[in-house]
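Morning, everyone. Have a look at the model on the screen while I talk you through it, piece by piece.

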Amino acid sequence: MSLKLKKGVNKQSAYNLRDPNLDYEAAHTLSIIVDNESGVLARVIGLFSGRGYNIDSLTVAEVDPDGQRSRITIVTTGTPKVINQIKAQLNRMVPVHEVIDLTIKGKAVQRELAIFKVVANGNQRVESLRLADVFRAKVVDSTLKSFTFELTGTSDKIDAFAELMAPLGLKEMARTGIVALLRGDNSS
Amino acid sequence: MTQANKITGAEIVIKALIDQGVDTVFGYPGGAILPIYDELFQQKKIKHILVRHEQAATHAAEGYARSTGKIGVVFVTSGPGATNSVTGLTDALMDSVPIVVISGQVPTFMIGNDAFQEADTVGITRPCTKHNWLVKDTNKLAETIHKAFEVAGTGRPGPVLVDVPKDVQFASGCYTKKNEIKKNFIKKDPSIDLNMLDEAISRLELAERPIIYSGGGVINSGRSAVNSLRNLVAGTNFPITSTLMGLGCYPASGKNWLGMLGMHGTYEANMSMHDCDFMLCIGARFDDRITGRIDAFSPNSYKVHLDIDPSSINKNITVDAPLIGDVSQILSVLLARWKERGSKVNEKKLSAWWKSINNWKGVQSLGYENSSSVIKPQYAVQRLEELTKSYNRFVSTEVGQHQMWAAQFMGFEEPNRWMTSGGLGTMGYGFPASIGIQIAHPTSLVINVAGEASWLMNMQELGTAVQYQLPVKQFILNNERLGMVRQWQELLHGERYSHSWSDALPDFVKLAEAYGIKGIRCEDPAMLDDNIREMIDYPGPVLFDCLVEKHENCFPMIPSGKAHNEMILGEQTEENSISDDGAVLV
């Protein structure tokens, strides 16, 4: 890099004062309140794909039937600059009412729900049930050869359970992606 | 509501437009929008301009909007009508031009059926509009159209589209008046951050090497923003430059004017941007054509950024003092507070700064070698400027070298006089835009400075110009090349001129005559003035074929991947060749 700075330059430049941590990518959980109208999810997703932002997880459902509002929870990864861009771009959209960055705003409860189908016999079958108990997973369906577990928790917990079930006959799984709310009595 | 109060969807559309004060619509009919055209036929308040291609309708609406400050309106049919409007919508989105496109759609019960002339219009236009709507209920039609106008015109302006299925146009519904709609969907302008503003003012007062970098946002913000900007420049004696979009917000004859900045901006403007210690960016967005190499952009300046769109802040360049809001409001508060504090500037340092700037001006970066045997394109634009600047004049351009020469050599004293495709760089923009401008300003001199390649992209609009007797002057700098592409191939791609010549060009004079308008060909520099006068004096449309030097390059130029202080000034000084990294940039 050759900036060709001249003698006696003013060192108050934005570059000299740049926070070296600015380029670190971090995951942010964004909670987006939108009008529940046709195409709104496509708009939000189109913004992410069109501008090259990441989506690590996405959930959406109507949360206020009277006001016809939905909450979209997106986990995205980026540098602080990119995260700020994402929030500004989301806020520009007409059906978007509020964008809350739960990662910045305060402590948040983040949960995911997953369903696992484990097909096994003998010891493995018993072991899967024992581990499910440790993880407080519920058995929601069963055959003589299989269990279907329901598990709620952080994404880490679900990852860990999936890893344990893999050698015990995990056939398939489905997970919802993250939903999240701020802790405390403030609404976000 | 009784049945008697109900009117058809098509009537609602026309009524809503009249309610919005619309007097002109650009459009093209087709099956799915016929009910609306039927209503159009039975009223006298709205004038419809029949274009020859839907893309031209959107550009004409842009020209109309940008030259008047009003909202441009377009009618297109479903399917191909809607897809043809996509380029214009994207152009308007990039340049923040308020237009409302109303598109016909197949009946609701046919949607998704691959019906004749069906396209997923709201899906296709979602990323190229500020917002769009598919209206499935006639009762919501009026409200949606009023909302569309609000969204297009407020905040950072932009294009919107309302897709109206044919059965919704036929069905009866209730009309909602403009002032009856809830405006809760409009984003409120944030209040001005006064602490940040005061910090910026104290920096302004101490600035040793200040520059004002203004953009299209000043023009969009309106007359009071333009006046405040001019007062600020006059009060501070700061130098001012502008983006391509902002030309005219400060008069080109003003003593503080440095000319346009950026890739083909003047040496003094770019050097001032690079060496300044205080940058006041007003309604511009640090576009890559402006900044050059990002990490070498104005490395030692305190940057203040006024913008109505929070997403423009810190997008390309990290600034020190972002001020979000309407430019006219922030500028008036800024001026008032600065005056309250005694209207101070660092006068001593400022005069030294002007000395350096005047030295840079001495480089005369827009200089070129003239010729007595062949018309240099710069000379042609210079003469056009000289002979037309005293007129009540509007100028549009196509995209390419001629556009940059027009920006460099034409002077704009007032805003809304210069219409060009900046962000999207749409070849074919200028001719239809000139039609929209002429419709809005029937007695003004409207000139489209064009290149032959761009102009041919929407040449079908000759029909529109003739039908409505629009005396638009098409001033074509004909180098029989795609000039800017050729220039890049010369500088970047080993002089391999891959497909950058215009083969099989028409005889433009005969083409004009085929449409019954006037054609002028000029290839002699000595005849140029007379021919331009002939063009101006002719009462109808003119196609001016100006045969210019074929291999002229547009200088000065900041090559891709280079900084503001690494400009190429002309053919002789190309020691600053473009690096491999730069070559991959556009």
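So, β2 and β4 of chain B: 2 bridges join them, and they run parallel. One pair to look for is B:G27, whose bridge partner in β4(B) is B:F75. When I say two strands pair, I mean DSSP finds at least two bridges between them. The helices (H or I, at least four residues) and strands (E, at least two) are DSSP runs, numbered from the N terminus.

Before I go on, this is a predicted model, so a local feature needs pLDDT of at least 70 and side-chain atom pairs count only at pLDDT 80 or more, while totals for chains, interfaces and linings use all residues. Residues are numbered from 1 along each chain as its sequence is written, chains are lettered from A and ligands numbered from 1 in the order in which they are written, and side-chain values use heavy atoms, with hydrogens and water left out.

Back to the strands. Which sheet do β2 and β4 sit in? An open one of 6 strands with parallel pairing, in the order β3-β2-β4-β5-β7-β6 of chain B. At the edges you find β3 (47-50) and β6 (131-134) of chain B, each pairing on one side only. On average, neighbouring strands of this sheet are turned by 20° against each other, direction ignored. For angles, axes are lines fitted to C-alpha atoms, for helices over the stretch in contact, and the angles run from 0 to 180 degrees between N-to-C directions.

Packed on that sheet is helix α7 of chain B, touching β4, β5 (99-105), β6 and β7 (159-165) of chain B, and its direction makes about 165° with that of β7(B). Contact here means heavy atoms within 4.5 Å.

The cut-off for a salt bridge is a side-chain nitrogen of Lys or Arg within 4 Å of a carboxyl oxygen of Asp or Glu. For reference, buried is under 20% relative accessible area, exposed is over 50%, and partly exposed is in between, with a 1.4 Å probe and protein chains only.

How many salt bridges does the structure hold over all chains? 31. Another one joins the side chains of B:K70 and B:D23, at 3.4 Å from N to O. That pair links distant parts of the chain, 47 residues apart: B:K70 is in the loop between α3 and β4 (72-76) of chain B, and B:D23 is in the loop between α1 (9-19) and β2 (24-27) of chain B. With 38% relative accessibility B:K70 is partly exposed, and B:D23 is as well, at 32%.

Now α3(B) itself. The axes of helix α3 (residues 54-68) and helix α5 (residues 86-94) of chain B come within 7 Å and cross at roughly 25°. The two are therefore roughly parallel to each other, a label for angles under 35 degrees; over 145 is roughly antiparallel, 65 to 115 roughly perpendicular, and the rest oblique. On the α3(B) side, B:Q55, B:T58, B:H59 and B:E62 meet B:T87, B:G88, B:D91 and B:A92 in α5(B).

There's another sheet in chain B. This open sheet of 6 strands goes β11-β10-β9-β12-β13-β14, with parallel pairing. Its edge strands are β11 (257-260) and β14 (321-324) of chain B, each pairing on one side only. Neighbouring strands here are turned by 15° against each other on average, direction ignored. Strand β10 (residues 240-242) of chain B pairs with β11(B) in the parallel sense over 2 bridges, and there B:I240 stands opposite B:W257. Helix α14 (residues 327-340) of chain B packs on this sheet, touching β12, β13 (302-307) and β14 of chain B, at about 130° to the direction of β13(B).

Last stop, chain A. What does β5(A) pair with? Among its partners is strand β7 (residues 146-153) of chain A, antiparallel over 8 bridges, where A:A114 stands opposite A:L151. Strand β5 (residues 108-119) of chain A also pairs with strand β9 (residues 179-182) of chain A, antiparallel over 4 bridges.
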